[in-house]
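Subject: Structure handover

Hi,

Here is the structure for you to look over. My notes follow below it.

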Amino acid sequence: MGLTADDVARLGALARIQLSEQECAELAPELDVILESVRRVSEVAGPDVPTATHAIEMTNVFRDDVVVPGLTQDQALSGAPDREDGRFRVPQILSED
């Protein structure tokens, strides 16, 4: 059973994507191909095949968080071209109107 344009419209509404009738009609067969591909892969991947997100094993390398002193306000502002009230002063880019 394939997806209909109405199915695509409902999915679009659930995802808060506004789709025209023409877009729904065009997307229905494309989504059918995707779902069929996923179904075929699911048939091959049996319980003896481990789930994998990458072709090779990946491991995150973590380091311990070490608290170090940060910059003082004067150090942070030392390279600023302009400062005002202890902050960076930048040109105004938005008008008041």
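**The kink and helix H2**

Helix H2 has a kink of about 30° at Leu 27, shortly before the proline Pro 29. The bend at a residue is the angle between axes fitted to the seven residues ending there and the seven starting there. Helices (H or I, at least four residues) and strands (E, at least two) are DSSP runs, numbered from the N terminus.

Please keep in mind that this is a predicted model: local features need pLDDT of at least 70, side-chain atom pairs count only at pLDDT 80 or more, and totals for chains, interfaces and linings use all residues. Residues are numbered from 1 along each chain as its sequence is written, and side-chain values use heavy atoms, with hydrogens and water left out.

H2 covers residues 21-44, which is 24 residues. From first C-alpha to last, H2 reaches 35 Å, close to the 34 Å expected at 1.5 Å a residue. The expected span is 1.5 Å times one less than the number of residues.

**H1 against H2**

How do H1 and H2 cross? The axes of helix H1 (residues 5-14) and H2 come within 8 Å and cross at roughly 95°. That makes H1 roughly perpendicular to H2 (under 35 degrees is roughly parallel, over 145 roughly antiparallel, 65 to 115 roughly perpendicular, the rest oblique). Ala 5, Val 8 and Ala 9 make the contact from H1. From H2 come Cys 24, Ala 25, Leu 27, Ala 28 and Leu 31. Contact means heavy atoms within 4.5 Å. Axes are lines fitted to C-alpha atoms, for helices over the stretch in contact, and angles run from 0 to 180 degrees between N-to-C directions.

**Salt bridges**

The count comes to six salt bridges (a side-chain nitrogen of Lys or Arg within 4 Å of a carboxyl oxygen of Asp or Glu).

Arg 89 takes part in two of the pairs below. With Glu 84, the closest N and O atoms are 2.7 Å apart. With Asp 82, they are 3.6 Å apart. Arg 89 is partly exposed at 44% relative accessibility (buried is under 20% relative accessible area, exposed over 50%, partly exposed in between; 1.4 Å probe, protein chains only). Glu 84 is partly exposed at 39%, and Asp 82 is partly exposed at 33%.

Elsewhere, shared partners join Glu 36, Arg 39 and Glu 43 into one salt-bridge network. Arg 39 pairs with Glu 36, with the closest N and O atoms 2.3 Å apart. Both lie in H2, three residues apart, about one turn of the helix. An α-helix has 3.6 residues a turn, so residues three or four places apart point the same way. Arg 39 is partly exposed at 39% relative accessibility, and Glu 36 is partly exposed at 31%.

**Loops**

Two loop residues other than glycine have positive phi. Arg 16, in the loop between H1 and H2, has a phi of about 60°. Arg 16 is exposed at 77% relative accessibility. Asp 85 has a phi near 55°. Asp 85 sits between strand E1 (83-84) and strand E2 (87-88), and is exposed at 65%.

The loop between H2 and helix H3 (73-77) holds His 54, which is partly exposed at 47%. Leu 71 is in the loop between H2 and H3 too, and is exposed at 66%.

Best wishes
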